[in-house]
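Please work through the exercises below with the sequence and the 3D view side by side.

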Amino acid sequence: GLVSFLAGHLAYVAAFVYLLYVSPTDTVALLATPELVATLAGIALFSFHIYLYFRPLLRDLYMECVAYILIITSMLLSAAALSFDTYYSAEFRYQILAGSVAFYISDIFVGRSKFMGVSAFNTCMCLPLYYGGQFALGFSAALAS
């Protein structure tokens, strides 16, 4: 399961980075805007907080979980960067961002279930966020044109 989810996150990262690459927008200038820099820094800090939250619980899965946090954070960072590229429609950009945020948050609840115990709360939060995020990301393809 872990490898499949990592591959899925990496596919999203590749797609979002590709969209930034093929956009006629000056990507370097886009990445240097203060708003985007602040957004990316906030995401990175939040992910570091998530790492600190789970670190005492990781034990034998430490490296796998650190890799997973880095990859899902990369997905969210690339989606956030894409959300600032005005070459694409606002609906498309925000659909991708919303789907990525939902997917990211759902994985926090997966971690809570794995390392803190399964609970109805984790399940009720994880599944709608996961499926909603996947739907939003899939539906964004219809908005791309």
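**Exercise 1.** Is Ser78 buried or exposed?

*Solution.* Before starting, note that this is a predicted model, in which local features need pLDDT of at least 70 and side-chain atom pairs count only at pLDDT 80 or more, while totals for chains, interfaces and linings use all residues. Residues are numbered from 1 along each chain as its sequence is written, and side-chain values use heavy atoms, with hydrogens and water left out. Begin by locating Ser78 in helix α4, where helices are DSSP runs of H or I with at least four residues, numbered from the N terminus. Next, take its relative accessible area of 7%, which makes Ser78 buried (under 20% is buried, over 50% exposed, and in between partly exposed, with a 1.4 Å probe and protein chains only). Finally, look at what surrounds it: leaving aside residues up to four places away in sequence, Ser78 touches Val13, Phe16, Val17 and Leu20, a contact being heavy atoms within 4.5 Å. Of these, Phe16 is 62 residues apart from Ser78 in sequence, yet the two C-alpha atoms are 5.9 Å apart in space.

**Exercise 2.** Describe how helix α3 packs against helix α4.

*Solution.* First find α3 at residues 34–54 and α4 at residues 62–83; they pack at an angle of about 160°, with their axes 10 Å apart. (Axes are lines fitted to C-alpha atoms over the stretch in contact, and angles run from 0 to 180 degrees between N-to-C directions.) That angle makes α3 roughly antiparallel to α4, the term used for angles over 145 degrees.

**Exercise 3.** Which residues of α1 meet α5, and how are the two helices oriented?

*Solution.* Start with the geometry: α1 (residues 2–22) and α5 (residues 90–116) pack at an angle of about 155°, with their axes 13 Å apart, and they are therefore roughly antiparallel to each other. Phe5, His9, Tyr12, Phe16 and Leu19 in α1 meet Phe92, Ile96, Ser100, Phe103 and Asp107 in α5. Sorted by type, the residues of this contact are seven nonpolar, two polar and one charged.

Note on methods: Angles under 35 degrees count as roughly parallel, over 145 as roughly antiparallel, 65 to 115 as roughly perpendicular and the rest as oblique. Ala, Val, Leu, Ile, Met, Phe, Trp, Tyr, Cys and Pro count as nonpolar, Asp, Glu, Lys and Arg as charged, and the others, Gly among them, as polar.
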